[in-house]
Amino acid sequence: MMAAASDVRVGSTESGNREHAGIPAPPAGWYIAALQEAIVRAPRGILAAEVTGRRLALFRTRAGALSCVHDRCCHRGVPMSLGRVEGDRVICAYHGWEFGPDGICLRVPSNVDNSAPPRGARLGAVPAEDDAGYCWVWTGDGPPDALAERTAPLRDASRRLPAVRSTVVVGIGYRQVLLHHVDRLSFVTRDLMRRLDSAANFAVVRVLETPTRVRWEVSVLRSSRDGGPAAPEGVALSAEIIWPDTLTMRRTDGGAAGATVVRYCVPTGSDRCRVETSIWTDDTATPDFALCAGLTNQELEQLSPGRTAVGRGIRVASDYVVEAARRFLEARTIEERNRDLKRYEYRVRISDG
Amino acid sequence: MVNSELSGWYALCAVDDLVATRVLAREVFAHRLAVFQDELGHVAVLDDRCPHGGLPLALGRVDNGLLVCAGHGWRFDAQGRCRVVPSSCSAEPLPACTPVRRYPVATHAGYHWVWIGKGTPFSLPLTFELPELGRAGIRVLQLRYRVRCEYQDAIDNLVDITHLPFVHVFPHMRDIDRRLLISLVEIETDLDQVVLRAGTPSQGSADAIAERRIEITFAAPTTVRLDFPRPAAGAASAMVACFVPQADDTTIVESTIVFPAADDSTAFTVARLDASADDPFSTLGRILDEDLVILVAQGRERRLSTAPDLVVAGDAMVAACRQHAKARSAGRIPAARTKRFLCRCGTEVPNWPVAE
């Protein structure tokens with residue numbers, strides 16, 4: 001593993017944080033295309049969205065059913081998202097070809113006798129569903145899986161609506177964005193713990209890997225007067241990376257100021273992604289609020305290929321969780337992930353003394 | 001790159017753009033060209049590369065009708081031959097280098113043209129001369145601009161009348177919509193050009209256009225002329241556009257638009273004077289903008305996907321122009337034919353919201 005990492009040598013080269021050759025493309029599955037309300041706000045009722053390199057257009061029929069087609073007119077290749085929606089039809093901006101919600105062409109206006117549109121006049125249709133405040137699209141070729149598994153993190157969090165929802169477009173690949181979170185969280189942990197409990201000088205990190213998740217829990221460890229370790233206190237922070245693009249963070253310390261953050265880092269292209277964040281919290285006013293997100297939206301926007309890649313380079317023991325997350329994200333198959341599953345526990349010094 | 005090189009004449013610059021002492025840098029497909037005028041006023045088009053150090057010749061200047069390279073001052077004549085090497089002693093003979101590649105050049109319809117490709121240069125149709133240019137009271141607008149799309153898509157856009165009611169949305173276009181609603185379209189292909197005429201079908205004969213609204217002429221490889229019979233006051237009566245493919249799959253458009261002296265005609269026109277604005281160019285600018293939105297998006301999409309186009313009856317002019325250009329480029333004589341069909345080029349109601 002380490003030999004492979006040194007072969008790649010990313011950190012300071014110009015390829016920066018780009019996803020590397022040899023790392024598989026994002027797996028087929030359900031991904032968030034947009035916030036539900038974004039379609040309503042779209043100027044002509046149609047919204048362009050990019051998911052795993054596919055350019056898509058989303059719109060709704062009069063009855064409110066969500067429809068998703070390839071964002072390319074089959075006539076001249078003009079994006080359908082430049083067009084408009086009228087009734088149940090989406091109309092191309094160039095020659096006014098009209099398509100139904102299933103992407104089949106219904107009318108070519110230049111045909112005087114209203115003769116049938118040419119055979120094969122259709123836009124590719126993509127399965128799309130509304131759930132948990134988002135529009136989801138299926139990127140696979142076969143019939144779609146159940147969506148519930150993908151939306152579970154949004155349901156687990158709370159029955160209430162999130163206090164904050166936001167969308168940020170980021171100029172690096174989704175795996176790198178997830179790794180930046182893991183890396184940052186290990187640092188935030190240290191900072192946070194010290195603030196919460198000035199007497200604490202160690203944290204215990206428990207990492208649990210399953211085929212679809214890497215989960216880690218952090219609890220504070222207060223050393224006893226004689227220098228020997230005492231029993232850890234309750235879990236202060238827990239986080240998970242869920243295959244393929246989801247991150248959840250839960251703070252349970254500090255009594256009332258608990259918070260949950262769910263972030264979907266949707267791959268849009270090979271080296272860019274769109275981060276969809278939902279935050280549940282009772283305490284949006286305090287500065288700690290920013291910390292609970294791991295990376296603020298401003299910090300996300302600043303991530304660029306020029307910055308050092310996370311997950312490569314010199315590793316120390318306290319980077320274990322970053323390493324575990326990287327292995328997890330770069331795995332190709334379930335079998336490959338199953339091979340390395342571990343339970344691991346280690347200590348991180350959180351006081352400078 | 002989807003574009004393949006089509007042999008033919010391409011516009012280099014408007015005649016007025018070429019100043020005696022300057023060298024212009026131009027590009028047609030992957031050909032980089034240096035354009036200048038010798039002392040007799042003959043236009044010379046040379047490969048834009050000095051045989052000495054490889055510097056672009058267009059960085060240089062013109063002195064006494066010779067192109068002076070910016071690097072070491074080597075001087076070249078209009079034939080591309082090296083005439084002076086300043087660093088050489090008087091006894092030293094000129095280097096035995098082959099002349100710089102020279103391209104055939106012509107002056108026509110207010111432009112200098114270069115012949116690119118194989119075969120014998122054919123002549124450009126006389127249609128592209130704009131006789132109005134010299135007349136009193138005529139205003140002429142010459143535009144040179146770059147579009148980030150392939151030249152073929154830019155030509156398609158200009159020869160295609162079925163896009164008018166969908167792309168061009170502001171009030172005066174609604175008038176056109178109604179007039180072109182069901183048009184009789186006549187497409188005539190001959191050796192030199194493809195001509196499209198469209199207008200209201202006549203009551204008596206299904207094959208005759210009662211009132212011609214628009215006439216479009218295309219000549220291989222990339223030149224288009226639009227004519228608007230009996231234009232309204234302040235509106236354009238004719239336009240010539242030459243599309244010049246660039247190496248990076250963008251397109252340079254060289255166009256001349258003629259605004260005749262005012263008259264009272266209220267016939268069909270594209271660039272009608274806005275009631276609120278004195279400037280017919282402002283309407284023209286909006287029309288260009290609306291096309292550019294489509295073309296730039298299309299250009300971006302073409303770079304990402306090679307999915308083929310679908311062709312319907314309304315695309316007959318686009319198809320005829322592409323065939324004509326391909327045939328002429330290959331040195332074939334395009335078959336003469338005429339095609340007539342009814343085509344909807346407008347909408348019953350102005351169906352686009354007026355642009356905000």
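**Exercise 1. A strand pair in chain B**

Which residue in strand 6 of chain B does Asp63(B) stand opposite?

Solution. Some ground rules come first. This is a predicted model: local features need pLDDT of at least 70, side-chain atom pairs count only at pLDDT 80 or more, and totals for chains, interfaces and linings use all residues. Residues are numbered from 1 along each chain as its sequence is written, while chains are lettered from A and ligands numbered from 1 in the order in which they are written.

Step 1. Find the strands. Strands (E, at least two residues) and helices (H or I, at least four) are DSSP runs, numbered from the N terminus. Strand 5 of chain B covers 61–63, and strand 6 covers residues 66–68.

Step 2. Check the pairing. Two strands pair if DSSP finds at least two bridges between them. Strands 5 and 6 of chain B have three bridges, in the antiparallel sense.

Step 3. Read across. Asp63(B) faces Leu66(B).

Step 4. The open sheet has four strands in the order 5-6-7-8 of chain B, with antiparallel pairing. Strand 5 and strand 8 (82–84) of chain B are the edges, each pairing on one side only.

**Exercise 2. Two domains in chain B**

Describe how domain 1 of chain B meets domain 2 of chain B.

Solution. Step 1. Domain bounds come from an automatic or database domain assignment. For chain B, it gives domain 1 as 8–116 and domain 2 as 127–344.

Step 1. Count the contacting residues. Two residues are in contact if their C-beta atoms, placed from the backbone, lie within 7 Å. Twelve residues of domain 1 of chain B meet 18 residues of domain 2 of chain B.

Step 2. Find the source. On the domain 1 side, strand 1 (8–14) and strand 2 (24–28) of chain B each supply at least two residues. Strand 1 of chain B gives the largest share of that side, four residues.

Step 3. Sort by class. Ala, Val, Leu, Ile, Met, Phe, Trp, Tyr, Cys and Pro count as nonpolar, Asp, Glu, Lys and Arg as charged, and the others, Gly among them, as polar. The domain 1 side of chain B has eight nonpolar, three polar and one charged.

**Exercise 3. Between the chains**

How many residues of chain A are in contact with chain B?

Solution. Step 1. The contact joins 20 residues of chain A to 22 residues of chain B.

Step 1. The chain A side divides into eleven nonpolar, seven polar and two charged.

**Exercise 4. Confidence**

Where in chain B is pLDDT below 50 over residues with 40 contacts beyond near neighbours in sequence?

Solution. Step 1. pLDDT is the predictor's confidence in each residue, from 0 to 100. Chain B has a mean of 83, and 83% of its residues reach 70 or more.

Step 1. The stretch is 264–278 of chain B.

Step 2. Residues 350–356 of chain B also stay under 50, with eight contacts beyond four places in sequence.
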